[in-house]
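Here's a quick briefing to keep next to the viewer. Have a look at the model first, then read on.

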Amino acid sequence: MASRIRIQRICQYCEKEFTAKTTVTKYCSDTCAKRAYKARKKAEKIEASKQETQLIKNKPLTDLQGKDFLSIQEVCQLFKVSRTTVWRLTKEGKVNAAKIGRKKFITRDSINALFAPPIEKKEATEEKAININECWNIGHIQTIYGIHDKTLYSIIQRFEIPKIKKGKFVYVPKEPIKAILGEPRTT
Ligand SMILES: [Zn+2]
């Protein structure tokens with residue numbers, strides 16, 4: 001019964017009307033079927049080629065993402081910023097940069113650190129934990145104990161005494177200082 005079916009269809013290649021034997025016949029002839037196949041293959045090749053081009057184009061950027069050290073130019077590429085901007089960051093000491101040969105490199109870590117929360121915020125949370133009234137500023141401790149600032153800083157570092165910065169002054173809690181250096185002669 002199926003063989004007797006005659007249906008008018010439109011060829012998907014040449015777009016002419018033809019009489020088809022089945023309801024799913026797409027092309028009017030073998031020639032159109034072959035041409036359509038070729039066209040499809042060609043389109044696939046073009047698409048593959050386009051994708052390849054895109055991959056090559058994106059490759060430098062993908063490579064940059066895994067690097068520990070970046071040249072000035074690479075930083076520019078990565079963030080789409082000017083050389084002046086990157087130079088300024090190195091000059092202001094906001095990133096760690098070193099000259100190797102004739103080229104300047106910036107550490108990836110220091111670039112990542114730019115995204116860390118600002119230092120002021122960190123200090124604010126530390127300030128909450130330490131009561132400023134229970135602190136002496138560095139200069140004051142030097143005076144009352146009669147010690148050199150280098151000595152004091154090495155003590156602070158060795159005993160991991162917390163520091164807080166308020167304006168121009170650095171404060172440390174009195175208690176650990178007293179515990180280490182004893183009661184001061186004067187306060
Ligand atoms: Zn056709």
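Is glutamate 92 buried, partly exposed or exposed? Glutamate 92 is partly exposed, with a relative accessible area of 42% (buried is under 20%, exposed over 50%, partly exposed in between, using a 1.4 Å probe and protein chains only). Keep in mind that this is a predicted model: local features need pLDDT of at least 70, side-chain atom pairs count only at pLDDT 80 or more, and totals for chains, interfaces and linings use all residues. Residues are numbered from 1 along each chain as its sequence is written, and side-chain values use heavy atoms, leaving out hydrogens and water.

**Salt bridges**
- The structure has five salt bridges (a side-chain nitrogen of Lys or Arg within 4 Å of a carboxyl oxygen of Asp or Glu).
- Glutamate 92 pairs with arginine 88 at 3.9 Å, N to O, and with lysine 94 at 3.1 Å between the closest N and O atoms.
- Arginine 88 is partly exposed at 42%, and lysine 94 is partly exposed at 47%.

**Helix H8**
- Glutamate 175 makes a salt bridge with lysine 178, with the closest N and O atoms 3.9 Å apart.
- These two sit three residues apart in helix H8 (residues 174-181), so about one helical turn separates them (helices are DSSP runs of H or I, at least four residues; strands are runs of E, at least two; both are numbered from the N terminus).
- Lysine 178 is partly exposed, at 22% relative accessibility.

**Hairpin**
- Strands E4 (residues 97-100) and E5 (residues 103-107) pair antiparallel over four bridges (pairing takes at least two DSSP bridges).
- Lysine 99 stands opposite lysine 104 in E5.
- Two residues lie between the strands, and glycine 101 takes a positive phi near 65°.
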